[in-house]
Amino acid sequence: MNLQSSTLKDDETGEPLHVQQRKQIDAYREAWKEAGHTREPRVSVSRSIFALVNDMDRAYFGNDARSQDQVGNIDANTRAIFGRSYAGEPDALVKQLAEDEAIAAADTLLLTVPNQLGVAYNAHVIESILTLVAPALGWR
């Protein structure tokens, strides 16, 4: 069993999503050890990340460059936090993503892509992250 933490979770502390997720990851790994498991569990987090490298990117996601975590109520008893989208020029993304505590703690980063924009555009989105952002962060 492994942990996959998405961009939506109960808002337990009022802290940014990435901080709450980091605490969630730490608690999971500690509970894993206390349960006596001998292997290291895998942990993944998901993020919406868009490198703005052309006019189409800027048209679709340029407004997300000022994105923040959103907090709201799912029902009468559930306050939730939804993680921000990361959008910006590649060098700005590198700086922002380097500060994301959950990404740093996770083994795997899952990119969420807007499937309604089509396969070719999503391939461009992923390629931009893989070639312009990931190497600067040491991701492989």
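This is a predicted model: local features need pLDDT of at least 70, side-chain atom pairs count only at pLDDT 80 or more; totals for chains, interfaces and linings use all residues.
Helix α5 supplies four residues to the lining of the largest pocket, the largest share of any contributor.

**Stop 1: the largest pocket.** Select the pocket region, whose volume is about 360 Å³. Fourteen residues are in its lining, and those closest to the centre are D107, T108, L109, W139 and R140. Next, colour β7 (108–111) and α5 (119–137), each of which provides at least two lining residues. Colouring the lining by class gives ten nonpolar residues, two polar and two charged.

**Stop 2: the largest nonpolar core.** Which members of this core touch the most other members? Select I25, L93, L97 and V133, which hold that position among the 18 residues of the core. At least two core residues come from each of α1 (17–34), β3 (43–51), α3 (90–98), α4 (101–105) and α5. Strand β3 gives the largest share, namely four residues. A separate core of six residues lies apart from this one, and F50, F61, A87 and V125 are among its members.

Now centre the view on L97. Leaving out residues up to four places away in sequence, L97 touches I49, Y86, I103, V133, L137 and W139. Of these contacts, V133 is also one of the core members that touch the most others, while W139 is also among the residues closest to the pocket centre.

**Stop 3: Q21.** Move to helix α1 and select Q21. Is this residue buried or exposed? Q21 counts as buried because its relative accessible area is 0%, and the cut-off for burial is under 20%. Beyond its neighbours within four places in sequence, Q21 is in contact with S5, S6, K9, V45, R47 and A102.

**Stop 4: E40.** Continue to the loop between α1 and β3, where E40 is located. With a relative accessibility of 57%, E40 is classed as exposed, since the threshold for that class is over 50%. Show its surroundings: E40 touches W32 and K33, when residues up to four places away in sequence are not counted.

To finish, draw a C-alpha to C-alpha distance from E40 to E127, which reads 30 Å. These two residues are 87 positions apart in sequence.

Terms used
Residues are numbered from 1 along each chain as its sequence is written. Side-chain values use heavy atoms; hydrogens and water are left out. On a 1 Å grid over the protein atoms alone, a cavity is a set of points where a 1.4 Å probe fits but cannot get out, and a pocket is an open set with protein on both sides within 12 Å along at least five of seven lines; lining residues have an atom within 4 Å of a point. Grid points are joined across faces, edges and corners, and a volume is the space filled by probe spheres set on the points. Ala, Val, Leu, Ile, Met, Phe, Trp, Tyr, Cys and Pro count as nonpolar, Asp, Glu, Lys and Arg as charged, and the others, Gly among them, as polar. A nonpolar core is a set of buried Ala, Val, Leu, Ile, Met, Phe, Trp, Tyr and Cys residues joined through side-chain atoms within 4.5 Å. Buried means under 20% relative accessible area, exposed over 50%, partly exposed in between (1.4 Å probe, protein chains only). Contact means heavy atoms within 4.5 Å.
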